[in-house]
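Subject: Structure handover and helix packing notes

Hello,

Here is the structure I said I would pass on. My notes on what was found follow below it.

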Amino acid sequence: MNQYPNNNQFNQNNQYYSNAGMTPQQYQQFMQAQMRENMLKRRERNELIRDGAVIGGTILAYLVIEVIVVSMINILGLKSVYDNSPAFQNFFNVIAVHFFSMTIPFSIMAIILKKRFTGPLVPTKKIGAASMCAWVAFGMGGCMAANIITNFIINLFDTAGYKLTQPELTKPDSIIALISVVISTSVIPGIIEEYAMRCCTLGALKKYGKGFAVFAVSIVFGLIHANLIQFIFAFLVGLVLGYITVVTDNVIPAMLIHAFNNGISVVEDFITYFSGSSAASKAEPYIIGAWFVVSIIGLVYLIVKRKLLPKKNNKATTPPSRLSFGAKLACLVPGFLIPFMILIVITSQYIQHK
């Protein structure tokens, strides 16, 4: 049965239309507009459900490929070499984790969702050297804030009698190992993970709203780390990196921030190797303090130059999203269920009851 009245019904309900301030013809146009709006909402909802399934499948593929590639260590009889050689661990992670497990699946995802992109895969809009430095400094301040919040949450678990831990690699024991740490911990993750998150995934979701895309990709960023501590930190840092990427329309600041943030631990590894762990512990507050000062300078610059907030774009290339933030997020959730379950299972292995 047609739920919308036909022309005869319009004529029979003249009084109703008059009370509504519309003629029968205006009411018919109104109902047609409503039908079109509902159709567009259904279309957007279905698109997001499919996108969530594709992105969730990509996260799952990343985790599965990583397990398969890492298992090759045992198959090839390299377990003892891996356990005892930090350099081998780091170079292997570059190949296994970042190339095979991440670059390939997320590149395939970008190809599948290429019709969703409203701009280039890798955004590189020119922003100037001074602005680049300011955004990197500002982003480092955001990373430090994320670290403080993460430590606060960890302490809450500790107060409740549970200790959250995470897997750690062996400390470098040679110059070659130190070089491998720089490459595998700072340089490669800064490039590959930002390509996967702020290029492939953010680019595919940006058409549904930049704020929503930043939030959703931050969840993805947390899920690929498959550990609660890293999930919390990666989610918070993802908000910062995503915001900077959409405001600047350039992924390079996010890559640099990612590399410098990871580089803090690399610097500590260098100090530990040459001067001992106690020297590294003493140096850590100075390193963080220096970045804190730099981040304040960057923030002031961005505020003075009025670059901190996104500029309104009156020439939008895509129509605004018709769904609420919560509705869009709900469409993605089914595709993320399995990665979330994996996160819970893996995290349970690293929770220690005190």
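α10 crosses α11 in a right-handed sense (right-handed if the near helix is turned clockwise from the far one by less than a right angle, left-handed if anticlockwise). The two are helix α10 (residues 252-275) and α11, whose axes come within 8 Å and cross at roughly 150°; axes are lines fitted to C-alpha atoms, for helices over the stretch in contact, and angles run from 0 to 180 degrees between N-to-C directions. That angle makes α10 roughly antiparallel to α11 (under 35 degrees is roughly parallel, over 145 roughly antiparallel, 65 to 115 roughly perpendicular, and the rest oblique). From α10, F260, I264, V267, E268, I271, T272 and S275 meet S277, A279, A280, A283, E284, I287 and W291 of α11, where contact means heavy atoms within 4.5 Å. By class, this contact has nine nonpolar, three polar and two charged residues. Here Ala, Val, Leu, Ile, Met, Phe, Trp, Tyr, Cys and Pro are nonpolar, Asp, Glu, Lys and Arg are charged, and the others, Gly among them, are polar.

On provenance: this is a predicted model, in which local features need pLDDT of at least 70 and side-chain atom pairs count only at pLDDT 80 or more, while totals for chains, interfaces and linings use all residues. Residues are numbered from 1 along each chain as its sequence is written, and side-chain values use heavy atoms, with hydrogens and water left out.

The overall layout is as follows. The protein has 12 helices and two strands, in the order α-α-α-α-α-α-β-α-α-α-α-α-α-β along the sequence. Helices (H or I, at least four residues) and strands (E, at least two) are DSSP runs, numbered from the N terminus. Along the principal axes, the C-alpha atoms fill a box of roughly 90 × 55 × 40 Å. Of the 354 residues, 42% are buried (under 20% relative accessible area, with exposed over 50% and partly exposed in between; 1.4 Å probe, protein chains only). Among contacts with a separation of 6 or more, 80% are between residues 24 or more positions apart.

α11 (residues 277-304) also packs against α6, at an angle of about 125° and with the axes 7 Å apart. That makes α6 oblique to α11, and their crossing is left-handed. Residues of α6 in this contact include W135, F138 and M144, and those of α11 include W291, F292 and L302. The contact has 14 nonpolar, four polar and no charged residues.

α6 (residues 129-159) has another partner in helix α9 (residues 228-248), at about 155° with the axes 9 Å apart. That makes α6 roughly antiparallel to α9, and α6 passes α9 in a right-handed crossing. W135, F138 and F157 are among the α6 residues here, and F233, Y243 and T248 among those of α9. The contact divides into 18 nonpolar, five polar and no charged residues.

The T248 side chain reaches the backbone oxygen of I244 at 2.7 Å and the backbone oxygen of N250 at 3.1 Å. Leaving aside neighbours within four places in sequence, T248 is in contact with K125, I127, W135 and P253.

Regards

How values were computed
Polar contact = N/O pair within 3.5 Å; in protein donor to acceptor, adjacent residues only side chain to side chain.
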